Amino acid sequence: MNIDKFPKYIFWSYKEKADLPLSVITQNVLLYGDVKDIILLTKLVEIKEIKKTVEKITNKNKYKKRINFIEKVII
């Protein structure tokens, strides 16, 4: 998936218009994107993929407040 639909600051360490795996895009948008970016992500990616990524992040025991917000509001 191409990253040009999202703001540059989410993917600052990648080249512009990079073609990244869906899991990388989903994780970066969930962790570093604004609410509008997450909403755009839900339109482009299946909820099943988003839930899978949220579960991976949750297992790392990081970003608890962010994940709580995503689970309560987005999913």
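This report walks through some surface patches, side-chain contacts and distances in the structure above.

## Before we start

What you're looking at is a predicted model: local features need pLDDT of at least 70, side-chain atom pairs count only at pLDDT 80 or more, and totals for chains, interfaces and linings use all residues. Residues are numbered from 1 along each chain as its sequence is written, and side-chain values use heavy atoms, with hydrogens and water left out.

A few words come up again and again. "Buried" means under 20% relative accessible area, "exposed" means over 50%, and "partly exposed" is in between (1.4 Å probe, protein chains only). The accessible areas come from the Shrake-Rupley method with a 1.4 Å probe, and for residues only the protein chains shown count as cover. Helices (H or I, at least four residues) are DSSP runs, numbered from the N terminus.

## The aromatic cluster

Let's begin with the rings. How many aromatic pairs does a search of the whole structure find? The search turns up two. Rings of Phe, Tyr and Trp (its six-membered ring) pair if their centres lie within 6.5 Å; planes under 30 degrees apart count as stacked, over 60 as edge-to-face and the rest as tilted. Phe6 and Phe11 make a tilted pair, with 6.2 Å from centre to centre and 55° between the planes.

Are Phe6 and Phe11 buried or exposed? Both are buried. Phe6 counts as buried because its relative accessibility is 6%. You'll find Phe6 in the segment before H1. Pro7 is also placed in the segment before H1, but Pro7 counts as partly exposed because its relative accessibility is 22%.

## One salt bridge

A salt bridge here is a side-chain nitrogen of Lys or Arg within 4 Å of a carboxyl oxygen of Asp or Glu. Which side chains meet in a salt bridge at 3.6 Å, N to O? They belong to Glu16 and Lys8.

Glu16 sits in the segment before H1. Glu16 is exposed, because its relative accessible area is 61%. Lys8 is exposed as well, with a relative accessible area of 60%.

## Two surface patches

Patches are made of residues with over 30% relative accessible area and no salt bridge: like charges are joined within 9 Å, and nonpolar side chains (Val, Leu, Ile, Met, Phe, Trp, Tyr) within 5 Å. For charges, Lys and Arg count as positive and Asp and Glu as negative, while His and the chain ends are not counted. The place of a charge is taken as NZ of Lys, CZ of Arg, CG of Asp or CD of Glu. With that in hand, Lys48, Lys52, Lys56, Lys60 and Lys62 form a positive surface patch. One of them, Lys56, lies in helix H3, which covers residues 47-59. Lys56 counts as partly exposed because its relative accessibility is 46%.

There's a nonpolar patch too, made of Val35, Ile39, Phe69 and Val73, and together they have about 320 Å² of accessible area. Helix H2 (35-44) and helix H4 (64-74) are the elements that give two or more residues to this patch. Phe69 lies in helix H4, and Phe69 is partly exposed, with a relative accessible area of 33%.

## The loop between H3 and H4

Where is Asn61? Look in the loop between H3 and H4. Asn61 isn't a glycine, yet its phi is positive, near 55°. Asn61 is exposed, because its relative accessible area is 57%.

Tyr63 is in the loop between H3 and H4. Tyr63 isn't a glycine either, and it has a positive phi of about 55°. Tyr63 is partly exposed, with a relative accessible area of 36%.

## Distances across the chain

Val24, found in helix H1 (residues 22-32), is 29 residues from Thr53 along the chain, and their C-alpha atoms are separated by 9.0 Å. Val24 is partly exposed, because its relative accessible area is 23%.

Pro7 and Ile39 are 32 residues apart along the chain, with 13 Å between their C-alpha atoms. For Phe6 and Phe69, 63 residues apart along the chain, the C-alpha separation is 20 Å. Glu16 and Lys72 are 56 residues apart along the chain, and their C-alpha atoms are separated by 32 Å.
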